[in-house]
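Terms are defined where they come up.

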Amino acid sequence: MKKHLFKLLAVSVLFIATLGGCNDPKPKPKNENFSVGVIVMNEGNWHANNASLTAYDLTRKETVSDYFAEKNGRGLGDVANDALIYGSKLYVVVNISSLVEIIDTATGKSLQQISLFNEKGIAREPRRVCSHNGKIYVCCFDSTVLRIDTALLQVEAMGKAGLNPDGIAASDGKLYVSNSGGLNYPDYGTTVSVMDPNSLTVLKTIPVRINPVKSSADGLHHVWVMSWGDYDTQKACIQCIDTQTDSVVATFDESVSDFDIHNNIVYLLCSDYSDPWLACKSIDAISFRMETLFEKTSLTTPYNLNIRPTDGSIWICDALDYSSFGNVYCFDRQGNELHRFEAGNCPGHIVFYK
């Protein structure tokens, strides 16, 4: 579960307390006019096989707490890690189950389940997903990067990046894969692999701060890379790579736990795992000027941040104790609360249908 999966190797008891923690889902709304506007990907608890999706109606402010199970009659799997809407489909990466679930956004029904195991039957453990030029790309903890055909819904090519890649983004006709080395504690990775999306070969390697994880492109010839440090003396930060020179051009030493990009603004969720206070900050991707938007110290465990593209509202997931059902909050840029609802176990990513 995001950076907490890496901490598992350093503090082996981190997730044991979460096993078996699962609340009974709420009944679905009786209103037949329920309209899905927001989908929350709930990671679930490690090895508890309780990943799920929560649907939210923006107008009626109602939820369906286990939307995927309701539509498909089965669970999503063990630890959902990333989600992406591309075209008419929702792609959900399920890490421990080692699969990509492909869902029709209009109906919520599963279209395909791509199982990701190697020739020896060992799980590839997919982590992150991005889109580029009509294809879907998935980086996996076994160092592989997979390309999925969005029409045939199957893996069509595979390449290798660095150790335990945990972030992938596309910019200027290239893929940028963050090699976290997250399963190699305490020797975390310090590179980003630049890959050709057609051949899936590594073109070059960019040195970055220790333990690079999530990556995202801003549309201004930049890829932003979040590094989580070693959870001790080397702190978290976010770095900006110029994709024309393939070099780091800016580094911000912020205790960032997640980020998202909207309209040339990089939004930061600043929350330290050892002291989970929250500040929402922003960086102008043109001027590199940073400002604090608001602080919300009342959130228990700020865990994820996503920006709704249509209005720029800021959505933050609160994982609480990682085993109870978490909460989702929506704020404007001034920190005024617009929406609040309960999601599933460990809400970790949000996608927007409208």
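Helices (H or I, at least four residues) and strands (E, at least two) are DSSP runs, numbered from the N terminus. The model is a predicted one, in which local features need pLDDT of at least 70 and side-chain atom pairs count only at pLDDT 80 or more, while totals for chains, interfaces and linings use all residues. Residues are numbered from 1 along each chain as its sequence is written, and side-chain values use heavy atoms, with hydrogens and water left out.

Asp 172 is found in the loop between S12 and S13. Its phi is near 50°, a positive value in a residue other than glycine. Asp 172 is partly exposed because its relative accessible area is 37%.

Thr 243 lies in the loop between strand S18 (237–242) and strand S19 (247–252). With a relative accessible area of 1%, Thr 243 is buried. Contact in the wider sense means heavy atoms within 4.5 Å. Not counting residues up to four places away in sequence, Thr 243 touches Ser 171, Asp 172, Lys 174, Tyr 176, His 221, His 222 and Val 223. Leu 152 is 91 residues from Thr 243 in sequence, and their C-alpha atoms are 31 Å apart.

Next comes the pocket. On a 1 Å grid over the protein atoms alone, a pocket is an open set of points where a 1.4 Å probe fits, with protein on both sides within 12 Å along at least five of seven lines; lining residues have an atom within 4 Å of a point. Grid points are joined across faces, edges and corners, and a volume is the space filled by probe spheres set on the points. The largest pocket has a volume of about 750 Å³. Its lining consists of 27 residues, and Ala 83, Leu 84, Ser 216, Asp 260 and His 349 lie nearest its centre. Two or more lining residues come from each of strands S4 (80–86), S8 (126–132), S12 (165–171), S16 (212–217), S20 (256–262), S24 (302–307) and S28 (347–352). By class, the lining has 16 nonpolar, seven polar and four charged residues. In this count Ala, Val, Leu, Ile, Met, Phe, Trp, Tyr, Cys and Pro are nonpolar, Asp, Glu, Lys and Arg are charged, and the others, Gly among them, are polar.

His 349 belongs to strand S28. Its relative accessibility is 11%, so His 349 counts as buried. A polar atom of the His 349 side chain lies 3.1 Å from the backbone oxygen of Ala 83. Beyond four places in sequence, the residues that His 349 touches are Ile 39, Val 40, Met 41, Asp 82, Ala 83, Asn 304 and Asn 306.

Pro 165 is in strand S12 and, at 0% relative accessibility, counts as buried.

In soluble globular proteins, nonpolar side chains tend to be buried together. A nonpolar core is a set of buried Ala, Val, Leu, Ile, Met, Phe, Trp, Tyr and Cys residues joined through side-chain atoms within 4.5 Å. The largest such core has 21 residues, and those with the most contacts inside it are Trp 224, Ile 238, Phe 259, Val 266, Leu 268 and Ile 283. Strands S17 (222–227), S18, S19, S20, S21 (265–272) and S22 (275–284) each give two or more residues to this core. Apart from it lies another core, of 19 residues, including Ala 51, Ala 55, Val 64 and Val 94.

Two backbone features remain. The peptide bond from Tyr 185 to Pro 186 is cis, with omega near 5°, and Pro 186 lies in the loop between strand S13 (174–179) and strand S14 (191–195). Leu 320, in the loop between strand S25 (314–318) and strand S26 (325–331), has a positive phi of about 55° although it is not a glycine. Leu 320 counts as partly exposed because its relative accessibility is 22%.

How values were computed. Buried < 20%, exposed > 50% of the residue type's maximum accessible area, 1.4 Å probe, protein only. Polar contact = N/O pair within 3.5 Å; in protein donor to acceptor, adjacent residues only side chain to side chain.
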